[in-house]
Every structure is written in structure tokens, then in C-alpha cells.
Amino acid sequence: MSTIAPQFRLSRFIGSLFDLIFWVILIFSLVGLPIVFIVLFYIKLPVINNQLMTPYLAMTWMADPSRTLPIVKNFMHTTIFKVMAFPGFGFAALLAAATIFVERKFLAKIQLRVGPLYCGKIEGILQLMGDGFKLMSKEIIIPAKADKPIFWLGPLLFVGAAGAFVSLIPVAPGWVVANPNVGLLAVFAVIGFFPIIAVLTAWAANSKWTFIGGLRALHQMVAFEIPLILSLLGVVILSGSLNLSHIVESQEHFWWIAFLPIGAIVFFITILAELERVPFDLPEAESEIVAGWLTEFSGMMYGLIQLGTYLKLYAFAGLFVVLFLGGWNGPMVWPPFPQDIITQGITIGPVTAKFPGLPLFDQEMLNGTLWFVIKTVGVILLILLPRGVFPRVRIDMILHTGWYKLIGLAFINIFIALGLLYAGVLGPGGLLQ
Amino acid sequence: MVDAVFLALSVLTIGSAIAALEIRSLIYGSIALMLALSGVAGFFLLLDAPFVAMFQLSVYVGSIAVLILFTVMLVRRELIFNKVEDKRRRYAGIALMIVIMLGIGTIIIGSGLKTMDTNSAEVDYKKIGEDFLTYYSPALIVMALILASSIIGAMTLARREDVIDGQRAD
């Protein structure tokens, strides 16, 4: 019979627990409390229900479940919640993670395979979690001759740039992290950072595979940025705004894809190239140059790059929805919040509980989010689809497509938009508003 | 708050500009140049001109810095630079810079532009577009002609008639 810890003594274990508790209390009261008070001195406390929400009051309210809702509701409208949870990182990362799993299953079904099967009993539903734990537990290997600062910074910058892109996408009316007046230009500025990061990390790894992949990524992304920008100008001309929320509002009655199908097609192809997806996945062509500019990444560094890639995919799909598919606009299908609960509370047997602060989200926001998610998931599936169907194309064919054909089509799209504008059909002051 | 941001941006911009000139490694030099250009974009944001700031980022950082990186990585260093460096050139350069900065500084201070208004509303890009198409339209036309001619010139220079590529897919 073997024991896990042969030297185990219960008294020592309990003694060490008390030891731990003693040190935690000591350090918290000597260091933690002063820090809490210093932070509280600088933070501007919110006013809820005409009362200043001091931490003491907040704790009192949190103890009573019927009074926590106003605090939660107030917290949901702060910037930190927007950045971390709903229209920002958490929401996007959730969709991105779902995309990684769905991609594998979806491609398997297309190619008559089974895909992930064993992890989690039902259709391999826990495969993603297993992959995540594997990446986290693996060692991070830095090549001996790599340029270490840039190599370390690369994945972080990649995720950062992808997060900046995500923050510009409006999900529901008023639910967007950053809403600048020049939103679309901000998108162009953020997209411009990706080729730099790719080529710098590729150079820093000091390997021929990464360098070839990085140069390919640079060629391809720089070539496709121009048709990307040009294909979106039609939407800007017709909606008369660079603000992404305004562009969505301008599509209340019809989507711009109905009038600018060429622009939408060009934009979709440039999305595939910017995301390095099949058939334009030359930068990480796994059958030619190992894994392209990702070759030397291992462990969680590779995980971060992967996270950034899928965040970018979500953001591009969201941008397509915002610009061409009407964003959050759609018929009101979300049921209204039952009025009885707001006015009379919930009655269970003899107990009646009233919850001030309901409903937590208004109906418009939930409906908008629903439609946005449905459309975005559709576009994401369309982006994934070519990977199961098409082979990879050569680099000269990619560049030829980008520099000649797509730019030409994008100009045709701009002329269509200008024609609709000057004929007085669409745009500011047009017949169809 | 604005003053602190202004100071931080100034330190970032000037520091990375000096680093771009002084660092031995060309790659790090071009990264420092990118930082300097991004710092300039930050100044534009402080001056309530997000339109110019975004173009600064997408044109200078997104395109020109990429071109510089490209050149540095693909061409051997001896082909770009031949190293002519001595103390006298260096001091002459610093002296020239100080003279130019003093000149520009006196002009700016003499022009009455002494305070920076950071609380005004941001410049509307529609107003910029209107100005370009009305008052500044000759300048716009001249710029368009210059750009078009330089693009045509670049294409003529880059064209090679002696190479026939049999593998092209078109």
C-alpha cells in the first residue's frame, strides 16, 4: 500500500493552516487596508438611488439579494465592464473560443470526417478546454538566437491590436467600448499594425521559416489593405458618416449589401486575405514552411497568437455585419420583460420578493445583440467555409488578385455609390431614407 | 491631466526620435521611428484632431514604417548606408538642429500662439472635406496631379520588359 505523503501529520497540517491565516491577516491589515483606503480616496464613488455608494453601503446592499440589482446595473454601464465583459474582451473571446471549436467540427462535417470526438463524451465538446490546458501547461521555448524583447512582445502586441479592433465594433445601440467620430478610420489605423507585428516577430525568431512566412504576410496584408479601404468608401459615401454606430443606424430600412454587392464581395475577399485564411493562408502554409511566421512560438505564446487571430476574425465579421448587413437592426423578436414582476414582484407561496432595478437589460439592447450575434455567426461560418473546400493559391496569384482585380472592382463600387448619390436615390437627402 | 499627457508624449516622441537616429541596430531604429510617429499622432489627438491622428497612424505607422522595415530587412546594410561618421559631422548636425529649432521656436512664439486650447470641440472631418472642395480646391487639384504623376512615374520605373514570366496565371 502506497501513500501519497508518508510524512503527513494532521496536527502539522492544521498548524500550517493557522500559520497561513495569521500571515494573511497581518499582511492585509498592514499593507492591504492602507492600499484600499488610498485607492478609495482617488476613486469617484457612484450615486445610486440618491445615496453615495460607499463600500460599506455597497456591502450592506450586496448582503440583501433584492437590493444588489441597482449596484449590478450601475456597474454594467461603467467603462471597465464594457472593456472587460460585454461588448469588449469577454464577449469577443467567448465568440472566438466557440469559433475555434465550431471550425473543427464544421470542417470535419464538410469533409465527411468526425472531428473532435472523445473529449467530453458528447461530440468532443470539451476538446477546446483540453487544448487550452495543454497550451497553458506547455513550456515556453525561446530560440537561442532569437531577438528576445521583440519575440516576447510580439504575441502581446498582436492580442492588443486585435482587442483594439474589437473595441470599435458596436454590438447594440449604445453598447460599444469606443465610439469615435472617425470610427472607420480608426479601424484602418488598427489594421495597419498587424503586418508590422507579423514581420517583426517573424524576424525576431531568427529562423528561415518564420522569416519567409513573415515576408509573405507583409506582402499579402499590405496588398489587400488598399482594396479593403477602397471597398468601404461606398458605404461611407452613402451613409455620410465615418462613425460605425451612425452607419448601422443608416441601415434601418435596408442593408447596404443590397445596393453595394460588389463592395461587399471585395471586402469579404480582403477579409480572407487579411485573416490569412484558406485560400490565402500562405503566411502559415503548413505544408511548405512548417507553420510560417508562427513556427517558433510554443506554449501560451502560441495560445495568445491564436486568441488574437480569432478575436480579429470576430472583429472582421462584426465589421462586415456593421457595414453591410445592418448591424443590430432586425425585427423585434425578443419578448418584453413581464410587467408583473416589475410592479408586483415574484410570489412563491407565501413569500413575495420585490426586485427594484429590473429589468437588467432593456428589450432593444437584447434584441439588437441577438440579431448582431446571429449575423456575425453567419459571416464567421462563411469565412470558415473556404477552408474545407479550396486549395491554397500561389503568392503571385494572390498579389495579382489584390493589386489588379480587387482594386478595379472597388473603384466600380465607388462609382455605383456616387451614381446612386448624385441621382438623388440614396445618401443624405436622397429619396430613400 | 492634459499637461501630464503632453509631457509624456513629448518625452516619448523626442526620446524615440533620438533613439531612431542613435541605435546601432537598424530594426530597433525603425521601431523607435514608429514610436516617434505614433507620438505625433498622440499630439494630434490632444489637439482635438482625430481625423489627422488616424491618418497619421494609418499612413506613417501603417505604411511608411512598413516600407522602411521592408527595406531594412531585404537589402543588405552596406548597400543602403556607407558609413561616413566622425565627430565633426556629429557636432555640426547637433548645431544645425539647435539653430533650426531656435528659428522655428522664435517664429512660433512670435506668432502669438502661446497657449494650447485643449477643451475645444473636435474638428469635424466634414468641415475639412468642405474646405478642401471649396477654398482649397486648387491645392487639392495640384496634390492630386502630383500624386498621379508620381504613381505613373513609379510604375514606369518598376516596369521591366526584359523579364517574361511564363508561370503567370493570367
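Okay, helix 7 and helix 9 of chain A. In this predicted model, the helix 7 side of their contact has A:Ile150, A:Phe151, A:Gly154, A:Leu157, A:Phe158 and A:Ala161, and those meet A:Phe193, A:Phe194, A:Ile197, A:Leu200, A:Thr201 and A:Ala204 on helix 9 of chain A. Sort that contact by class and you get 10 nonpolar residues, 2 polar and no charged ones.

Now the geometry. Helix 7 of chain A runs over residues 148–166 and helix 9 of chain A over residues 193–204; their axes come within 9 Å and cross at roughly 160°. An angle over 145 degrees counts as roughly antiparallel, so that's what we call helix 7 of chain A relative to helix 9 of chain A. The crossing of these two is left-handed.

Helix 5, residues 89–110 of chain A, packs on helix 15, residues 363–389 of chain A, at about 45°, and the axes are 9 Å apart. That angle makes helix 5 of chain A oblique to helix 15 of chain A, and here the crossing is right-handed. Who makes the contact? From helix 5 of chain A it's A:Thr99, A:Glu103, A:Phe106, A:Leu107 and A:Ile110; from helix 15 of chain A it's A:Ile380, A:Leu381, A:Leu384, A:Arg387, A:Gly388 and A:Val389. By class, this contact of helix 5 with helix 15 of chain A has 7 nonpolar, 2 polar and 2 charged residues.

Have a look at the loop between helix 12 (261–274) and helix 13 (299–324) of chain A, where A:Pro279 lies. The peptide bond joining A:Val278 and A:Pro279 is cis, with omega about 5°. A:Glu276 is found in the loop between helix 12 and helix 13 of chain A too, and its phi is near 55°, a positive value in a residue other than glycine. Just as a reminder, most residues other than glycine have a negative phi, and most peptide bonds are trans.

So is A:Glu276 buried or exposed? It has 24 C-beta neighbours inside 10 Å, so it counts as buried. Then there's A:Asn206, in the loop between helix 9 and helix 10 (208–239) of chain A. Phi of A:Asn206 is near 60°, again positive and again not a glycine. A:Asn206 has 15 C-beta neighbours inside 10 Å, so that one counts as partly exposed.

The contact takes 20 residues from chain B and 19 residues from chain A. On the chain B side, the largest share is 14 residues, and they come from helix 3 (residues 50–74) of chain B. The chain B side that touches chain A divides into 14 nonpolar, 3 polar and 3 charged residues.

B:Phe51 counts as buried because it has 22 C-beta neighbours inside 10 Å. From B:Phe51 to B:Asp124 is 73 residues in sequence, but 8.0 Å in space, C-alpha to C-alpha.

Last bit, confidence. The model scores ipTM 0.77 and pTM 0.83. Chain B averages a pLDDT of 82, and 83% of the residues score at least 70.

Conventions. Residues are numbered from 1 along each chain as its sequence is written. Chains are lettered from A and ligands numbered from 1 in the order in which they are written. This is a predicted model: local features need pLDDT of at least 70, side-chain atom pairs count only at pLDDT 80 or more; totals for chains, interfaces and linings use all residues. Axes are lines fitted to C-alpha atoms, for helices over the stretch in contact, and angles run from 0 to 180 degrees between N-to-C directions. Helices (H or I, at least four residues) and strands (E, at least two) are DSSP runs, numbered from the N terminus. Angles under 35 degrees count as roughly parallel, over 145 as roughly antiparallel, 65 to 115 as roughly perpendicular and the rest as oblique. A crossing is left-handed if the near helix is turned anticlockwise from the far one by less than a right angle, and right-handed if clockwise. Two residues are in contact if their C-beta atoms, placed from the backbone, lie within 7 Å. Ala, Val, Leu, Ile, Met, Phe, Trp, Tyr, Cys and Pro count as nonpolar, Asp, Glu, Lys and Arg as charged, and the others, Gly among them, as polar. pLDDT is the predictor's confidence in each residue, from 0 to 100. A residue is buried if 20 or more other C-beta atoms lie within 10 Å of its own, exposed if 12 or fewer, and partly exposed in between; C-beta atoms are placed from the backbone.
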